Structure formats: structure tokens, C-alpha cells
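Thanks for taking a look at this one with me.

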Amino acid sequence: MKRIDASGLSQRECIAVNIYPTADEACLQAADAITDLIRARAAEGKSAVLGLATGSTPVRLYRELIRRHREEGLSFANVISFNLDEYYGLSGDHPESYRRFMQDQLFDHVDILAENTHVPDGLAQRDDVLASCQAYEEAIREAGGIDIQILGIGRTGHIGFNEPGSGPQSRTRLVTLDSLTRRDAARDFLGEENVPRHAITMGVGTILEARKVFLLAWGEAKAKVIAESVEGTPTESIPASLLQAHEDCVFCVDEPASSHLTRVRYPWVVGPVEWTAEMTRKAVVWLAQKSGKALLKLTDEDYTENSMADLLTEKGPAYDLNIDIFNQTQHTITGWPGGKPDADDSHRPERASPFPKRSLVLSPEPTDDVFCLGGTLHRLANQGHEVTVAYQTSGNLAVPDTDVRRAIELIIELGEKLHDVAELKFARSVLEQLEQKGAFGEDTSDLRTMKGLIRRGEARSSGRMLGIDPEALRFLDLPFYENGRYRRFKAGDEDVERLAKLLDEVQPHQIFATGQGHDPLSVPAICFDVLVEALKRCEGASWLADCWIWLYRGPGAEWEMHEMDMAVPLSPDELEFKIKGIYQHQTQRSQSPSVAKQDVHDSWALARQLNSATAQVYDTLGLAEYEAIEGFKHYSL
Ligand code: GLP
């Protein structure tokens with residue numbers, strides 16, 4: 001097995017991994033390789049054979065290829081393409097079929113010949129599936145084999161739809177989808193029950209035969225599976241790890257997706273590092289967690305036995321290092337997320353004045369606020385700050401049909417009782433739209449409006465639980481979301497303008513936001529980009545000079561200990577308020593697919609688990625013992 005060892009830092013990695021600051025930059029390597037291949041083959045009068053993938057990951061690569069086609073004359077006339085997979089049972093014009101996806105995201109925008117594009121046939125009859133899969137393999141062979149294969153990766157470690165258990169010899173075939181994969185796809189299909197149970201996918205063996213492979217991955221959610229695929233023993237349980245056997249395979253990832261690699265997470269273990277304040281905190285906290293000791297109990301031996309002898313020499317002895325990191329960690333804790341008025345704030349995360357503060361909480365969807373900072377919101381409101389919660393998107397795509405039906409039926413009944421003709425007419429027409437669309441269809445704009453209103457109602461009652469006045473809630477309904485579908489959102493000027501206007505109106509002293517480090521096409525990440533752009537538009541405004549930004553990690557995850565600059569403890573009662581607040585989001589009773597965990601199904605149970613786990617970490621590090629903690633990271637513009 002090859003070991004990449006150029007810098008000494010990546011010695012645990014059995015696949016080449018290139019880490020880029022952004023997903024856009026990470027796409028360029030694959031885009032260049034494809035461009036070079038197409039041009040070289042065109043010069044010889046030959047075709048270039050591409051293996052293509054779907055999902056949000058390759059969308060940016062396709063956008064770059066389309067740009068090159070339009071602006072740099074890159075022609076796809078000599079390209080033959082084979083897609084990895086297709087949902088079984090979906091026709092090519094179903095909005096979630098991979099054929100449709102490829103048409104929308106690439107084929108319709110370049111000059112590739114329709115007959116040269118291949119996607120497995122999702123409608124092959126059961127009896128014909130085997131023959132159809134064999135024919136697909138045969139077509140790849142006839143084309144001369146795949147020159148460049150593009151891959152994404154699922155959270156189960158799947159490539160294509162090769163779920164755990166797929167061996168290196170597997171070929172194109174019909175497979176059953178893993179439950180986590182189906183949950184990840186639930187949002188696209190507007191409900192897990194609509195996600196097909198089967199798919200046709202190229203096999204791992206088919207993929208391994210490609211001459212060159214690029215696997216792309218963005219966002220923190222992929223970090224764990226990337227590290228396991230690259231550093232772990234190759235195993236069928238993580239099909240992407242089987243790529244270790246490929247001679248020319250590169251993983252191109254953004255920084256968040258690289259964050260679990262040993263060289264990124266524990267760099268001191270694999271080579272010398274510069275002991276900056278941040279690195280020192282990260283390493284000492286890691287050491288305490290690894291050895292299961294409180295910070296103040298770490299010994300010189302603990303440091304030397306865990307590749308940190310140089311840190312000891314530079315900043316030791318252990319006693320000094322321990323106290324320093326203990327104090328830093330201690331100073332992250334505050335029960336005053338808006339700052340404690342008239343108190344010495346030299347060791348507090350937030351400043352004491354001004355008081356009260358104008359606190360603006362940005363919530364990408366209507367549950368994110370309460371899920372991630374319900375306790376903090378409760379404290380801010382109780383401590384007299386002027387809290388505004390702005391829901392960036394309506395969240396209407398995440399409302400199940402059953403809930404909208406119930407609401408419509410209620411309106412119809414009320415309309416009948418009050419003889420309200422206009423109301424009845426509207427409600428009956430929406431009910432008809434619901435019935436006509438069927439399980440797989442797209443919601444009409446009336447349906448989306450109704451679903452958005454349902455989420456508004458839930459947000460209001462959740463806010464009430466936390467002591468937030470409904471008047472303090474703002475619903476921005478950003479257009480990128482209203483006009484889009486999951487995995488294909490694209491923010492524009494109007495999104496930025498709407499948020500900039502709100503910022504200018506509220507003129508906040510502190511903003512709570514999320515989305516940094518998420519998959520760039522996810523709702524939180526797009527909302528974060530919109531915030532960054534909106535803040536640029538506010539440049540020069542006097543309020544901005546005095547505005548602090550606190551990032552929350554986002555649903556289903558918490559900052560790592562060393563990243564947390566503010567930890568807000570919740571008492572048992574406050575945790576209950578928060579849980580009741582989450583509970584008001586009845587349409588979101590199952591946790592969001594993007595944070596799905598196998599063992600916890602309810603969003604409130606997951607929030608409780610996460611916040612308690614954070615408190616436990618503080619406890620085991622030897623700090624005070626709390627019921628629950630919500631964490632924040634300071635963000636500088
Ligand atoms: C699906 C596809 C995979 C893709 C994965 C990840 O399962 N069959 O090919 O890699 O999703 O999707 P995304 O890129 O949206 O995270």
C-alpha cells in the first residue's frame with residue numbers, strides 16, 4: 001500500500017489528498033484535468049470518456065466546466081459520458097432523477113451530443129435489470145474505458161450508490177439503499193417515504209478501472225468519512241476506502257472536509273508544528289481528553305508520551321501549560337451571552353457595554369435558532385437585551401404534505417362555519433393542488449406559501465416559550481430558497497439586499513449566525529455567504545465597527561472544545577424551556593436529514609444530547625459541572 005509522505009505530515013494517508021481553502025478552488029484541479037483531456041483527445045480526433053457523478057458536490061465543477069465552454073470555447077463534442085448511478089423506478093424526467101439532474105446541471109448547457117451521454121436506466125424492468133447493467137458495462141468498454149472518473153462521497157462512505165458491503169469486484173447492478181442514505185435524500189424528495197429504496201449503480205470494480213479518479217468533498221459533515229477512507233484499513237464497510245488500491249486517485253477537499261485528517265486534527269502527532277496560542281490550546285485539550293484527565297492533572301510525562309515534548313520545552317512545564325489552558329477554557333464560560341452590565345469584562349467573552357444590546361439572531365431555517373441557541377436566546381431576552389430573530393428562509397420545503405393537509409382542512413372547516421366564500425375558495429383550490437401533485441410532484445406556489453405560514457406559526461410559538469416577543473421575529477423568505485430545490489440553490493443580489501436592509505435597520509451590537517464550514521450548497525452555508533456579502537454592503541456604517549459576530553455550529557453538531565470562545569451554560573430548567581421551544585416545531589419532529597444520527601430520531605432528543613455532551617466535556621476537563629452548554633465561536637470580519 002502506498003503511503004504519501006512528501007512533507008512527512010501526511011504519512012497516515014494512503015490516498016493523495018489535496019486540501020483547498022474553498023470548494024471552488026478545489027474543483028479547479030479536476031476541471032483542468034478534464035479540460036486537458038478533452039483538448040488533447042480532440043487534437044488527435046479521438047473521444048474523451050468521463051465518468052460523472054450527481055449530488056451537490058460536483059455542481060460547482062459543472063458550473064466551472066460550463067463557464068469554460070461559454071467563455072473559453074471548451075467543446076464537449078468529443079465527450080462520451082457515463083454517470084455513476086440512477087434511482088431505480090424514476091423516469092428521466094422526474095425532477096429528482098439523476099438524468100434530469102445531469103441535464104439541468106451540465107448537459108443542457110454544453111455541446112455534448114445527447115447520444116453520448118449515458119445514465120443507467122432507472123425504468124428497466126426487473127427481469128431486464130441484469131441485462132441492462134451488463135449492457136452499461138459493455139458500453140463503457142466499447143468507449144475504451146473511463147479516462148477520468150468524478151466521485152462524491154456519501155456519509156456512509158459510499159461512492160456512486162455502492163453502500164457499505166460493496167466489494168472491490170462489484171460491477172454495475174441493482175442495489176438497496178442504506179437507511180442513512182435515504183434519510184440524506186429525504187429533503188430532495190420532500191419526505192423520506194418518497195425516496196426510492198433501490199438504485200442502479202456502477203460497481204466499485206467498475207470505478208477502480210477508471211484511469212484517473214477525482215473524489216470531491218465539501219463541508220464538515222464529510223470530514224469523518226474522508227479521514228476514515230484515507231487513513232483507515234481498506235474495508236468494504238467504507239467503500240471509498242477501497243480507492244486506496246487505485247494508482248491514480250486524488251481526493252480534492254475543502255478545509256472543513258479535511259478537518260478530521262490526522263495532519264489537520266492532531267498535526268503534532270505526525271510532525272513538528274508551530275505552537276501558536278490556538279495550536280497549544282487545541283493540543284492540550286486533546287491531551288486531556290485522550291488521557292481522560294482534568295486539565296490541571298496533566299503531567300510532564302503525559303506531554304512527552306504523546307508527541308508534545310517540544311511544547312513542553314517551549315512553554316512548559318506541565319504545571320504552567322495546564323493553568324494557562326485551564327484559565328482560557330474557564331474564561332469561555334458565561335451566563336451573560338450579551339455581556340454582564342457593570343462588571344469587569346476583561347476575562348469575559350462578551351463586553352459589558354453597551355447595555356442593553358441589540359442582538360440579532362440569524363436562523364437559516366425556522367428551527368435552527370431554538371435548536372442551536374434556544375437557551376442563549378432565553379437568557380438574552382431575560383437579561384433585557386433587544387433581541388431580533390431573523391429567519392432567513394421560509395423553510396417551506398421541509399413541511400410534510402400531511403401537515404399542510406391538516407391546516408387546509410382546518411381552514412375549510414372554519415370557512416364553512418363562517419360562510420367565508422373567499423377563504424373557502426382559496427383553501428379548496430390549495431387542497432386540489434395538493435391532491436394533484438401526488439407524492440413526487442413539486443409544490444405549487446400556493447402550497448409553498450401555506451407551508452411557509454405553518455413554519456411561521458411554529459416559530460412564533462417557539463419564540464414565546466423562550467420569552468421572545470412575536471413582534472421581534474422577522475421572516476425574510478430569501479428568494480434563493482423560494483425559487484429553488486435542495487442541492488441546487490443559488491443566491492443572488494436580492495438575497496443580499498434583503499439582509500443588508502435588515503442589518504441597517506437593526507444596527508446590531510452582536511449577531512449570532514451559522515453556516516461557516518458547511519457544505520457550500522446547503523441552506524446554512526448559502527445563508528452565511530449572504531451574510532458576508534450583506535456585511536460588505538454595510539461597510540463604513542458606524543454600527544458595524546462595534547458589532548461582534550458569534551457563530552453557532554449549526555444543527556446536529558457543536559464546536560470542538562478548542563474552537564469555543566463562548567460557552568453558555570443552561571440550568572436544568574432552561575434546558576427544559578429550550579426543549580419545549582423545539583417541541584413547538586411539530587412539522588420538524590424528526591430531526592433534519594442533514595444531521596441525522598442513527599440512534600436519535602427526535603430533534604429535541606438530539607439537542608438535549610448535544611448540549612449535555614458539551615457540558616460533560618467541560619466537566620471532565622475539570623471545570624464546573626453544568627446540565628448543558630451551548631457554544632459559540634468569535635468571528636472576525
Ligand atoms: C448520492 C449519490 C452519490 C453522491 C452522494 C453525496 O448518494 N449517489 O454519488 O456522492 O449522494 O451527495 P452530495 O454530493 O449531495 O453530498
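This is a predicted model: local features need pLDDT of at least 70, side-chain atom pairs count only at pLDDT 80 or more; totals for chains, interfaces and linings use all residues.

1. Residues are numbered from 1 along each chain as its sequence is written, and side-chain values use heavy atoms, with hydrogens and water left out.

2. Which residues surround the ligand? They are G55, S56, T57, D85, Y98, G152, I153, H158, G160, F161, K222 and R487; a residue is near a molecule if one of its heavy atoms lies within 4 Å of it. For T57, a polar side-chain atom lies 2.4 Å from an oxygen atom of the ligand. D85 has a polar side-chain atom 2.7 Å from a nitrogen atom of the ligand. In the side chain of Y98, an N or O atom is 3.4 Å from a ligand nitrogen atom. For polar contacts, the cut-off is a pair of N or O atoms within 3.5 Å; within protein, one must be able to donate a hydrogen and the other to accept it, and residues adjacent in sequence count only if both atoms are side-chain atoms.

3. Now to the sheet of three strands, which is open, with the order β4-β8-β7 and antiparallel pairing. Helices (H or I, at least four residues) and strands (E, at least two) are DSSP runs, numbered from the N terminus, and two strands pair if DSSP finds at least two bridges between them. β4 (85–87) and β7 (173–176) are the edge strands; each has a single partner strand, so one side of each is left without a neighbour in the sheet. From one strand to the next, the twist averages 30°. Three bridges pair β4 with strand β8 (residues 198–201) in the antiparallel sense, and Y87 has A199 as its bridge partner in β8.

4. Next, have a look at helix α2 (residues 59–72) and helix α3 (residues 98–105), which pack at about 40° with axes 10 Å apart. Axes are lines fitted to C-alpha atoms, for helices over the stretch in contact, and angles run from 0 to 180 degrees between N-to-C directions. α2 and α3 are therefore oblique to each other; angles under 35 degrees count as roughly parallel, over 145 as roughly antiparallel, 65 to 115 as roughly perpendicular and the rest as oblique. In this contact (heavy atoms within 4.5 Å), V59, Y62 and I66 of α2 meet F101, M102 and Q105 of α3. By class, the contact of α2 with α3 has five nonpolar, one polar and no charged residues; Ala, Val, Leu, Ile, Met, Phe, Trp, Tyr, Cys and Pro count as nonpolar, Asp, Glu, Lys and Arg as charged, and the others, Gly among them, as polar.

5. At what angle do α17 and α18 pack? Helix α17 (residues 421–437) and helix α18 (residues 445–465) are at about 110°, with their axes 9 Å apart, which makes α17 roughly perpendicular to α18. F426, S429, V430, Q433, L434 and K437 of α17 make the contact with D446, L447 and M450 of α18. The residues of this contact divide into five nonpolar, two polar and two charged.

6. Finally, some backbone details. A cis peptide bond joins S353 and P354, with omega about 0°, and another joins F355 and P356, with omega about -10°. P354 lies in the loop between α14 (318–330) and β11 (358–363).
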